[in-house]
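Here are my notes on the model you sent over. Have it open while you read, and go through the points in order.

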Amino acid sequence: MLQASITDPFSLMDGVSSITYSPGNATTQTFGFFDIPNQVPMMEDVRIPIGSNSKLYTAVAIYQLHEQGLLDVDADIATMLDEADFEKFGISGMTKYCPQVGFTSRFNECIAITLRQLLSMSSGIYPQLNCNEVPTTETQCNREPYFVNPGSIARVVGTFILEPLIFEPGARYVYSNPNFILATYFVEKYSNMTFQKYLKENIFSRLGMENTYYDFYNGQLEMDEKRVKQYYKFYDNTTYDLLSVGAATTELDLGAIAGTGGLVGTLQDEVTFYHAIFNRTTKGAPLFSNATTQETFLAPTTFMTDAVPGLDGYFMYFSQGTVIVCSSEGCTDGPTWITYTGGTLTCFTANVMDYNSYIMSQVWTSTKVLAMTPDDFEAAKERQSGTSVDFSYWDVYQTDSTLLAFQQLLSVVSPAGSNGTIGNGEGPTTSPSNNRSLGSSSEGKDVGWVTLMGFTITLLFCHFD
């Protein structure tokens, strides 16, 4: 659908953006509202569901347990599950996990999957959560978008653990949310703690992260007054006049999706987390006790693509719970960027760190922006069929948080030079002159290659839904 050019995408959105140059040295801007009906402005310290950014926390927890010798990231996970686990999953009479590839014959040999493969999106586990039945083809899952908490993380595992693998583990990259639900279960099992308590004691408290949490009951027992309100905004796609604001009345249950997408936090806490994990001087301390653990998080575990439009010569890899972008195949020169965007149905949290300078760009939003003709909007109301996720064809790519976060970063650091690094402190060489201005997809005048890069990256790895 053709959409008009947007001069200032942030004027359509609600959220907060930031560029952090060093701890305590950040430029932060808010835009829009925290509470639209009551016209409460957005706050810098707003707490927002971070979606799939939760995966990095789960990966850190797994490697902490690995360092303590409580589990082995390279062990066959079938050896880590027994009949008692399957009872917790809600599956009676099963004594052994026997994953197999294929949707017809299920009498082949069991295939080994490791935790390392779970955390690098190469396990082969069926990628969708909440299928209404065991799928019989790679695309057969009739997924319900609204996942109701079945009562425990183990019960969530039980909704997918019997599904067939879609490829041999380690063979390739496919984004799979169930990987990190299963990893969350292992955190609880081998730490003998709830996921909530483990994160608080072993990550949040160590780093002084007082505004990040996982709540299994998703606010039902205790409300968070600074947790953002979530909305849909509908705009005329030619004038960008606001047509309507809708409430995200049914969101993803953060308790159910746990370590794959269930955390809530602030931009400031996320910067603290990144700076702890990826600091070259401290080698990941105090989160890690072994320097080789940090090296694993910076290693190119699973190849994703080298065909991002407008980003010739770059290679994208899924590491352990995060994505690294490198200027050399195999990441022989180290990462250029460390990046991830989490997405629920309406919240999108983009983080991009320049590994050379540690400068970090973030754009976090609480509102899904959609554009259509007024007639199409009225017709959708009359139709009364489908759900909010069916309206994705109305997406406004210029408000994509990943695109905007990359654009922000390239307004203060240079793209990769001949030595394969960025962040020389001399300013941008091919970035927009105004980091609050975007052109349309057909023009591409204001954003250059970042337009396609950011949009494609979003499609590749970030959104939970």
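1. Helix H1 (residues 54–67) packs against helix H8 (residues 267–277) at an angle of about 40 degrees, and their axes are 12 Å apart. H1 and H8 are therefore oblique to each other, and their crossing is left-handed. On the H1 side the contact uses Leu56, Tyr57 and Val60, while H8 brings Glu270, Phe273, Tyr274 and Ile277. By class that gives six nonpolar residues, no polar ones and one charged.

2. Some ground rules before going further. This is a predicted model, with local features needing pLDDT of at least 70 and side-chain atom pairs counting only at pLDDT 80 or more, whereas totals for chains, interfaces and linings use all residues. Residues are numbered from 1 along each chain as its sequence is written, and side-chain values use heavy atoms, with hydrogens and water left out.

3. Now the terms used in point 1. Helices (H or I, at least four residues) and strands (E, at least two) are DSSP runs, numbered from the N terminus. Axes are lines fitted to C-alpha atoms, for helices over the stretch in contact, and angles run from 0 to 180 degrees between N-to-C directions. Angles under 35 degrees count as roughly parallel, over 145 as roughly antiparallel, 65 to 115 as roughly perpendicular and the rest as oblique. A crossing is left-handed if the near helix is turned anticlockwise from the far one by less than a right angle, and right-handed if clockwise. Contact means heavy atoms within 4.5 Å. Ala, Val, Leu, Ile, Met, Phe, Trp, Tyr, Cys and Pro count as nonpolar, Asp, Glu, Lys and Arg as charged, and the others, Gly among them, as polar.

4. For the overall picture, the protein chain has twelve helices and 16 strands. Of its 465 residues, 58% are buried (buried is under 20% relative accessible area, exposed over 50%, partly exposed in between, with a 1.4 Å probe and protein chains only). Take the contacts between residues at least 6 apart in sequence: 68% of them join residues at least 24 apart.

5. Back to H8, which is mostly covered, with nine of its eleven residues buried.

6. Threonine 20 is found in strand S1 (residues 15–22) and is buried, with a relative accessible area of 5%. Leucine 409 is 389 residues away from threonine 20 in sequence, yet the two C-alpha atoms are 9.7 Å apart.

7. Past H8, check the loop that runs from H8 to helix H9 (291–297), where proline 286 lies. The peptide bond from alanine 285 to proline 286 is cis, with omega near 5 degrees. Lysine 283 is in the loop between H8 and H9 as well, and its phi is near 60 degrees, a positive value in a residue other than glycine. Lysine 283 counts as partly exposed, at 38% relative accessibility.

8. How do H5 and H7 pack? Helix H5 (residues 177–191) and helix H7 (residues 254–261) meet at about 95 degrees, with axes 7 Å apart, which makes H5 roughly perpendicular to H7. Asn177, Phe180, Ile181 and Thr184 in H5 meet Ala256, Ile257, Ala258, Gly259 and Thr260 in H7. The contact of H5 with H7 divides into five nonpolar, four polar and no charged residues.

9. Asparagine 149 sits in the loop between helix H3 (115–119) and helix H4 (153–158). Its side chain reaches the backbone nitrogen of glycine 151 at 2.9 Å and the backbone oxygen of phenylalanine 216 at 3.3 Å. Ala256, one of the H7 residues that meet H5, is also among the contacts of asparagine 149.

10. Last one: threonine 341, in strand S13 (residues 335–343), counts as buried at 0% relative accessibility. Which side chain does the side chain of threonine 341 make a polar contact with? The partner is threonine 402, at 2.7 Å (a polar contact is a pair of N or O atoms within 3.5 Å; within protein, one must be able to donate a hydrogen and the other to accept it, and residues adjacent in sequence count only if both atoms are side-chain atoms).

Definitions and conventions. Lists of a residue's contacts leave out its neighbours within four places in sequence.
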